[in-house]
Amino acid sequence: MPSKQEAAEQSMKYAVDLVFCIDKTSSMVPLIRRVKENALKFHEDLSARMEEMNKRIDELRIRVVAFGDIYADGDDWLEESDFFNLPDQIDEYKNFVTDINAKGGGDDPENGLEGLALSLQSDWTKGGDRRRHVIVVWTDTSAHKLERAIDEQPENYPKGMPKSFDELTDQWDSPEIDASARRLILFAPDEYPWSDIAAHWEEVVHFTSKGGDGLGEMDYSFIMNMLAHSI
Amino acid sequence: MSLANSVGGRDTQRKVNPTSDRGNSSISTVSIWSEKIKGKGEDGPPLILLSEDYSFGIIAVSDGVGGAGSRPVCIDGEQASGARVAAMKLLEITLAFFKKSWLQDSYNVDIMEGPGNIMDDKKTTQPRHSEKTSIDADIHSASHERMSHSSFTNLSANEEKTRLHRMRKHQSTMQLKPYLPASVGNCSAYILDGAVCGPNVSRHIELLGKAIDGAFEKMNHGIAKTQSSSRLKTKIQRNLPSTLAGWVYRTTPEREITAFWAGDSRCYVLRNDGLHQVSQDDAKGDFDAFEAIWADPPLTNYISEKVPNNIKQKRLLCDYQTLLICASDGAFNYQPTPMEFEFVVLRSLMSSKNMQAWADDLAERLQASAGDDVSIVLHPLGFDSFDDLKALYKRRLDELKEQFIAPLEALKDKRAQLEKELASLKAEEKQKTKEAWDQYRVTYEQYLHEGNLI
């Protein structure tokens with residue numbers, strides 16, 4: 001009979017990557033404080049839920065992609081980090097999130113699709129026995145079509161971006177993305193492209209609101225379960 | 001007499017309650033059910049329904065899909081996750097369906113459609129009608145449909161008279177008696193007196209799907225009335241998602257076993273040549289059983305309120321002594337490999353003195369490594385006694401250990417030894433480094449704390 005120690009050693013080890021894709025334009029001013037609070041506690045809530053289910057997180061990393069509007073903000077449109085290893089780099093992570101300020105962006109829409117594409121292209125962990133690759137998007141508005149960059153591509157437009165929504169969809173379904181590990185959470189309004197993503201992509205949950213405003217305990221609990229459980 | 005004698009087709013006229021004789025050598029079904037978090041488990045208590053002479057029966061497990069069905073639902077005044085409710089209700093519906101089918105008019109199905117093909121893979125057909133009905137009404141409707149069709153068959157007056165006579169006889173003597181398997185945790189286990197299983201098991205499983213559709217639609221209708229609107233949009237969420245896996249077996253006229261499943265709960269046969277997975281996981285990607293342990297792929301099919309449900313089935317002839325196994329993924333997916341799952345089952349068997357001891361030991365072993373609820377049923381076919389069961393599998397366990405387990409354990413031991421040596425070497429290096437530094441620092445720090453350099 002295995003001892004408890006042996007059983008613990010034998011149990012599945014989970015490697016979890018979280019990528020927080022945050023709209024940092026000025027329209028987010030009323031919401032950004034709460035979004036940052038949520039970003040800072042999200043991993044704690046997920047860890048607690050997985051622990052409840054006796055799922056041990058052996059490796060936890062978080063990365064941040066804060067996007068604005070490249071057509072209005074110029075070089076300031078993007079702030080992105082590498083992965084922070086938690087708990088070792090918790091202070092660096094907190095400092096990065098705390099320093100995000102909501103500003104710029106001009107009028108709606110923003111470059112949310114580019115933000116999502118950059119998140120999707122993260123250097124996802126291959127560690128652990130099982131993995132979770134989670135992207136969480138917070139935004140209060142719709143997104144520029146990716147096709148716009150074909151006609152008027154700014155100099156600082158990131159390389160390797162999909163040229164259309166269909167191409168981005170293909171990336172979500174590509175073999176490079178671990179279909180068992182991937183999860184996408186959208187705290188975004190019921191507008192293009194977020195509603196299309198929720199309707200057509202697998203392993204996606206869309207809470208229709210501006211930046212997660214009005215998220216209740218029951219819906220948050222469902223999201224945490226969806227991340228922690230197999231589906 | 002033992003269960004195995006009857007199941008094996010020997011001495012089938014004698015009918016003995018297996019619970020009346022629980023000596024160390026008696027044989028029975030094993031059922032294990034445990035919740036990782038007490039009161040919040042999402043596996044249904046296993047179902048065992050056997051005919052009075054054990055010549056046919058059904059075993060089944062269910063596993064609520066927690067990711068899709070975590071939202072609480074309220075059924076019959078009780079609130080629980082949709083996954084938990086689905087798993088529990090699914091086996092209740094299955095029990096109710098087979099009880100009615102085997103007691104009422106199974107002959108009609110058989111006479112009308114004849115026996116199915118052996119060794120075939122089938123999917124259930126689409127329901128012939130889609131009106132929302134209760135479980136009983138749906139089953140009744142299915143039965144009525146068959147009754148209506150019987151008038152178009154070429155039954156002679158005498159055949160029809162005989163059929164009605166047998167049906168009335170069955171109805172008048174129908175009884176659901178408790179059956180006591182060797183068990184850990186809850187289960188629904190019964191002997192069904194007066195039951196008759198016709199040859200067309202395949203059709204029964206198709207009709208089970210129909211009964212589940214009706215019942216889940218009705219339950220979902222009730223849930224929808226009480227459910228507050230949500231701003232969540234997702235293709236993942238279901239109100240009542242659950243896997244289902246089980247076996248229907250019968251021993252006459254041939255030893256035939258039919259696996260049925262939806263989702264990634266599995267049906268296995270364990271014979272003297274090893275463990276065989278019979279059900280094909282309904283999961284995304286092309287993972288084999290070993291890869292699936294680590295990949296944990298999303299499900300592509302399971303039972304839910306979104307009808308019609310798709311219950312797959314596979315029929316096999318079975319002429320050998322066999323253990324029929326159905327299990328939720330909590331039982332098999334936390335063993336490092338499929339062969340180690342077989343090893344756990346057999347090693348546990350060999351270290352036990354009787355069926356109950358086996359159930360206790362196996363439950364402990366599975367729970368020790370599982371990160372999930374566990375449900376599993378093991379039903380022996382063709383064994384005379386517990387000793388007979390052990391005798392058959394002793395050689396297999398030896399083979400399994402020699403060929404697969406021992407080489408892997410030797411590697412693990414070697415790795416553990418090397419890791420231990422490495423850890424020891426690291427500690428020694430650290431210690432020696434510190435000692436060397438202590439020796440070196442005497443001169444190195446000489447002028448840090450003393451006077452000027454001479």
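Visitor: Is B:Y54 buried or exposed?
Guide: This is a predicted model, and the answer rests on its coordinates. A residue counts as buried if 20 or more other C-beta atoms lie within 10 Å of its own. Because B:Y54 has 27 C-beta neighbours inside 10 Å, its class is buried.

Visitor: Where is B:Y54 found, and what is the value of its phi?
Guide: B:Y54 sits in the loop of chain B that runs between β2 (43-51) and β3 (56-64). Most residues other than glycine have a negative phi. B:Y54, a residue other than glycine, instead has a positive phi, with a value near 60°.

Visitor: A:E203 has a positive phi as well; where is its place in chain A, and is it buried or exposed?
Guide: A:E203 is not a glycine, yet its phi is positive at about 60°. Its place is the loop of chain A between α8 and β7. Because A:E203 has 23 C-beta neighbours inside 10 Å, it counts as buried.

Visitor: Which peptide bond of chain A is described as cis, and where does its proline lie?
Guide: Most peptide bonds are trans. The bond from A:Y192 to A:P193, however, has omega near 0° and is cis. A:P193 lies in the loop between β6 (182-188) and α8 (194-200) of chain A.

Visitor: Which residues does a cis peptide bond join in chain B?
Guide: The proline concerned is placed in the loop between α7 and β15 (312-317) of chain B. Omega is about 0° for this bond, and the residues that it joins are B:V307 and B:P308.

Visitor: Why is strand β1 of chain A described as largely enclosed?
Guide: Strand β1(A) covers residues 13-23. The strand is largely enclosed by the rest of the structure because, of its eleven residues, the number buried is ten.

Visitor: Which strands pair with β1(A), and in what sense?
Guide: With strand β2 (residues 56-67) of chain A, β1(A) forms eleven bridges in the parallel sense, and A:A15 has A:E59 as its bridge partner in β2(A). The chain reaches β2(A) from β1(A) by way of helix α2 (residues 29-52) of chain A, in a β-α-β crossover that is right-handed. With strand β5 (residues 130-138) of chain A there are nine bridges, again in the parallel sense, and here the bridge partner of A:C21 is A:V137.

Visitor: How many residues does each chain bring to the contact, and which element of chain A gives the most?
Guide: Chain A brings 30 residues and chain B brings 28. On the side of chain A that touches chain B, α1 (4-10), β7 (204-208) and α9 (217-228) each supply at least two residues. By class, that side has 13 nonpolar, ten polar and seven charged residues. The element of chain A that gives the most, with five residues, is β7(A).

Visitor: Which residue of chain A is in contact with B:K284?
Guide: B:K284 lies in the loop between β14 (274-277) and α7 (289-295) of chain B, and it is partly exposed because 16 other C-beta atoms lie within 10 Å. Beyond four places in sequence, its contacts include B:P297, B:P298 and B:T300 in chain B, while the contact from chain A is A:A179.

Key
Residues numbered from 1 in each chain as written. Chains lettered and ligands numbered in written order. Predicted model: local features only at pLDDT ≥ 70, side-chain atom pairs only at ≥ 80, totals over all residues. Contact = placed C-beta atoms within 7 Å. Helix = DSSP H or I, 4+ residues; strand = E, 2+ residues; numbered from the N terminus. Nonpolar A, V, L, I, M, F, W, Y, C, P; charged D, E, K, R; others polar. Buried ≥ 20, exposed ≤ 12 C-beta atoms within 10 Å, placed from the backbone. Pairing = 2+ DSSP bridges. Right-handed = clockwise from strand over helix to strand, strands pointing away.
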